[in-house]
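Dear colleague,

I am handing over the structure that we discussed, and it is shown directly below.

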Amino acid sequence: LKQEVKTQLPDIQFRQLDPRAKILADYFAKYNSPLENQAQDFIDASDTYEIDWKLVPAIAGVESTFGKNIPGGYNAWGWGVYGNQALGFKSWRDGIFTVTGGLRKNYIDRGLTNPYSMNRVYAASPAWGWKVNFFMNDLEKFAKNYPVQTQTQDHLLKDAASSAKLAYKN
């Protein structure tokens, strides 16, 4: 006798990719960054903690060349690095949310709202704030020059999605 095996499938949520995430992913790709596939996590964390979406990626640019040179444990931000000691995270997502939340609580909520004012607490190098600001501005310029999807393309995507839903029901 064949025994029917029922498997529990996880709940799958579909949501629109934030346009900033596509821009950020392509920006990271320009630097061959391992953070490219984490772009939506950066956007989600910045929205959760209400900080500029460009800040945490810019810090990663300064501290680790966008995640390419890390002390270990998914730490692209130099977070908790003191001499030979370095904090590690379970995943890129864990690091992104921890650093973003930490910036909100330990810096922004205390009045250190831009890279220059954060500099004196975050990093020993007096050039750190300037470098973070450079990457924030560079990412902003990249975003402004990013090709916008046309309405025709949006219409085609919606039609394709509707067709897929109909095919799935049959």
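**Salt bridges**

E140 and K54 are joined through their side chains in a salt bridge, with N to O at 3.1 Å; the term stands for a side-chain nitrogen of Lys or Arg within 4 Å of a carboxyl oxygen of Asp or Glu. This pair connects distant parts of the chain, since E140 belongs to helix α6 and K54 to the loop between α2 and α3 (55–64), 86 residues apart. Helices here are DSSP runs of H or I with at least four residues, strands are runs of E with at least two, and both are numbered from the N terminus. K54 counts as buried because its relative accessibility is 9%, while E140, at 28%, counts as partly exposed; buried means under 20% relative accessible area, exposed means over 50%, and partly exposed lies in between (1.4 Å probe, protein chains only).

Please keep in mind that this is a predicted model, in which local features need pLDDT of at least 70 and side-chain atom pairs count only at pLDDT 80 or more, whereas totals for chains, interfaces and linings use all residues. Residues are numbered from 1 along each chain as its sequence is written, and side-chain values use heavy atoms, with hydrogens and water left out.

The search of the whole structure gave eight salt bridges, and another one of them is formed by K30 and D138, whose closest N and O atoms are 3.8 Å apart. Because K30 sits in helix α1 and D138 in helix α6 (residues 128–144), this pair ties together parts that are 108 residues apart in sequence. D138 is buried at 16% relative accessibility, whereas K30 is partly exposed at 47%.

A further salt bridge brings together the side chains of D47 and R20, at 2.8 Å from N to O. Here D47 lies in helix α2 (residues 39–49) and R20 in helix α1 (residues 19–30), 27 residues apart. Both are partly exposed, D47 with a relative accessibility of 41% and R20 with 22%.

**Surface patch**

Which residues form a nonpolar patch on the surface? They are Y116, W130 and F134, which together have about 360 Å² of accessible area, as given by the Shrake-Rupley method with a 1.4 Å probe, where for residues only the protein chains shown count as cover. Patches consist of residues with over 30% relative accessible area and no salt bridge, like charges being joined within 9 Å and nonpolar side chains (Val, Leu, Ile, Met, Phe, Trp, Tyr) within 5 Å. Y116 is part of helix α5 (residues 115–122), and it counts as partly exposed because its relative accessibility is 44%.
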